[in-house]
Amino acid sequence: MKYASRIYLCLIFAVLYIPIVTLMLFSFNAENSTAEFTGFSLRWYIELFSSTEAFTALRNTLVLAVLSALLATVIGTLAAEGIYKMRSKLLKSAINSVTNIPMMNPDIVTGMSMMLFFAAIMGILAVVIPNISYNDIGFAAMLISHTTFCLPYVILSVLPRINELGDTMSEAALDLGCTPAQAFFKVKLPNIMPAVLSGMVMAFTLSLDDFVISYFVGPSNFQTLPLLIYSMTKKKVTPDMYALSTIIIVTVFLLLVISNFKSEKSSAASRKKKLISIVTISVAAVLAIALVISSFFIDDAPATDGAADVGGDVITINVYNWGEYISDGFDGSMNVNEEFEKYYFDKYGKRVKVNYTTYATNEDMYSKLSNSAVKYDIVVPSDYMIQKMIEEDMLYEFDASSLSNFGNIMDDYKGLYYDKDNMYSVPYTCGMMGIIYNKSMVSEEDVREMSWSLLWNQKYAGKILQFNNPRDAFATAMYMEGLDVNSTDPEVWDQALDLLIKQKPILQGYVNDEIFNKMTTESAAIAPYFVGDFLTMADQEPNLGFYYPKEGVNYFVDAMCIPKNAEHPEVAMEYINFMLSEEAAIANAEYIGYASPNRLVVENDEYRAYMEDYGYEGENGETAYDLLYNVMPAEINKAYNEMFGSNDASCYRSFSPEIQTRVNTLWENLKLSDATEPWIHVLSIGIVVLVAAFAIYSIYIKKKRSRFYRYRDRDNKRTAVAK
Amino acid sequence: MKVAGYGSLGLTNLMKNKRSLGQSILAAPHIFWAVLFIILPLFIVVYYAFTDSNGQFSFSNIASLTDYAPIFGLSLELAIIATAICLAIGYPLAYCIAKAKPKHQKIFIMLLMLPMWTNLLIRTYSIMAILDDGGFLNSLLNTSFHIVGTKGAVIFGMVYDFLPYMVLPIYTCISKIDRSMWEAAADLGCGPIGTVVKVIFPLSMSGIISGVTMVLVPSISTFYISQKLGGGTFELIGDTIERQFVTGALNVGAAISLVMMVLILISITIMNRFSDAEEGGIIV
């Protein structure tokens, strides 16, 4: 029995710790992989300690956790005492049930309600303070939300202890001449302290770990660690996040061990007290260490900080861009945002801070912009989205040709269909959609067909990926069938839906940026994606190939725009101008891997040499440079001409609201068209039946027992009376 | 109770009442907070659920929920299975820990809590990196198990992530059971298994119920686990809400949230009927 329990414990803990140990192992990986261990290195720790993003997030997380835990503890402890003193049972239970709502409610509902609440608050505030942005109240919103969901845990921890303690002690104190306040602070509080502290630690942990509520409420200028990790896991987690987790877990582990070890030595009586103080001290120590470390490494101030305080206030501009869509200093590349801060300071003597956040799809960006009160200064939508945003009057009008570097944009890319007079946008990158395949997993003759139908090939069932957004996913089916991707005919969309439903059973999954991970670890064999991202993947996994399907592909241009409600449009224009400069544009083009619309980039010999030497070789010996700029099979030419000509087809156009709703509904139907495996029904129904049977049985037993006691009591009474 | 009552005269009783009234004011900040930040936001959810995107009163969001019934069903089923597995694994675990020496108990509880200090997202991602088709496990064993992308993987992720929430309340409950109960059961002729089934299990019911609640609720509403381990071929209700949030269909999102909340609060109330514990649940 004893051995069995030991084996059981070991087994469960082993399973529980496998992912954590693997995570620690891969934090020492030499390569940028979380699946294949290639060698030991401290590279990711160095990377982590030089990443201001991670440390800012860590500091934000800690500050938020400490403040919300403190606030929740104070309010919660007072409330527990107050609730205890309440005489009305009804009021008591009413307060208790309301308090428990955030605990009982799923996080996602609390998050949703908080988000809507703060949106309403913003609506009211906007009337009073015309120029307010969500970022101004963002931190307060986060603090309020975190405190709200921490509160019930504090009360739940403190209230039972107060109930247990009773009134006798504080009454004695009052009788001996204490004021009520003294009685509370000198007598009651020390006695309930363990419960208060455990409530606080609980609140701290919960706030630290919270992702869902922060995800809904979080402003763009206050990123917490879970949010950072989420944005990273959308694409590919680099092992530096593993390194950070390793550091956190090792620190916590050491502190727990130390506190345990120390309390062993002391006598049983003082143990509890000591334990409490040790827990407090260790929590404080973690915070202090973390804050000190983070303040060392955080370079929160703009890159121009060293240049003394000339300009006074720091202007913050909010840049909202696609994930992995700017050269960020990784691996020795240029940190474009920092360079801009320096450039701006040199030019105007004013300090600017670039607050850079990312999104995964055009639609995400659009809804964030139109639904929340977050204000951005720069966004980088694709062509059709720009068209839509111009139509809806969401973009700031500025004359792009007034920018001194606008001449660097090649003529072809000026006056595109969505912005004929260059009044709203400046092209950032352009590229094509195509099919990525794994050369060792896909047979050559299947590739040679150069068709979208590879995505429907039964032979590769379970190894195929599809876009996880309606526009691109529908497009793959529509290009294959030669349908118009901008069709206004609902039947055309139904036709495409049928194809996608047919494809669903052979898919491994619908993915967005997860594709990087799936393709480079050879988890999947075939996926539709964009050429620039393909080059990034090919850099890591040479076994990948790419082709433009013959039926036609999407040609897109992503362009920098300024939203209408931007706070600093002049600085934003300066930012756009800076991005067009040779240095920044080349750094970006090399980093992102998409084609550049910038003449200075395309004609630059070094850049050309870099791309030709990229480590990619196509079937006919073409290089990465060719893939981006020269490979222009007839189909691409067609797409290209359509983008730059006048007729519409191959590039996306903005939908009418009716078609948009239609597409969303169809997409939902696709997601819903899922045949649940029978074992799930059987198992879950079985469990429900079992639980119900148990409940009925226990009710039956209870009734039987109470009947027995009732009879017994009656009998006892009778015998007593008889006596 | 009565004995204590004799000691206090009518006058002090009156004073005590006054004091109590004065001191229940301490709850005022909390009540204010709760009304403003708990109740009001829920009313806003209700408002959104019953209006269309132009702010006009409408039932269309609620009516459209029938489309989501299969997703509700699937989420519920997966969550029920995950909770049952958590209970099946977690109860013996809590029992083993509670039976261990006090010195060891502390270590086990620490080991159980430690993973919770690693972010849930990172843990889930780590599972994905291990179980993926080209992941660590498959490359280590040179196999090609297809796990990620199945519903089994999602259940595994739920069990893995939420197991501590099941074990901790049950452990607290079992370790609070008076030793004399075990002895009494043994004295009255119960074997070790009989003791667990007839005495310990019923007495730890409140722990089980709070454990079940704490696993079931996050399992039903998760969207991260299903996104990472489910491969995106199927959706859970959390994914649907998240998608509505991301695409800006807030009214439908609010309607789904509302229904989910009502269903969960009802089922929790029903569950708590079976719990004898006075204070809802016990945590840690």
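In chain B, 74% of the contacts with a separation of 6 or more join residues 24 or more positions apart; two residues are in contact if their C-beta atoms, placed from the backbone, lie within 7 Å. The model is predicted: local features need pLDDT of at least 70, side-chain atom pairs count only at pLDDT 80 or more, and totals for chains, interfaces and linings use all residues. Residues are numbered from 1 along each chain as its sequence is written, and chains are lettered from A and ligands numbered from 1 in the order in which they are written.

**Chain B**
- Chain B has 15 helices and zero strands (DSSP runs numbered from the N terminus: helices are H or I, at least four residues; strands are E, at least two).
- Of its 284 residues, 51% count as buried (20 or more other C-beta atoms within 10 Å of the residue's own, all placed from the backbone).

**Helices α3 and α8 of chain A**
- Helix α3 (residues 52-85) of chain A packs against helix α8 (residues 180-209) of chain A at about 140 degrees, with the axes 8 Å apart.
- Axes are lines fitted to C-alpha atoms, for helices over the stretch in contact, and angles run from 0 to 180 degrees between N-to-C directions.

**Strands β5 and β6 of chain A**
- Strand β5 (residues 464-467) of chain A pairs with β6(A) in the parallel sense over four bridges (pairing takes at least two DSSP bridges).
- A:L507 in β6(A) is the bridge partner of A:I464.
- In strand β6 (residues 507-511) of chain A, five of five residues are buried.

Notes
Buried ≥ 20, exposed ≤ 12 C-beta atoms within 10 Å, placed from the backbone.
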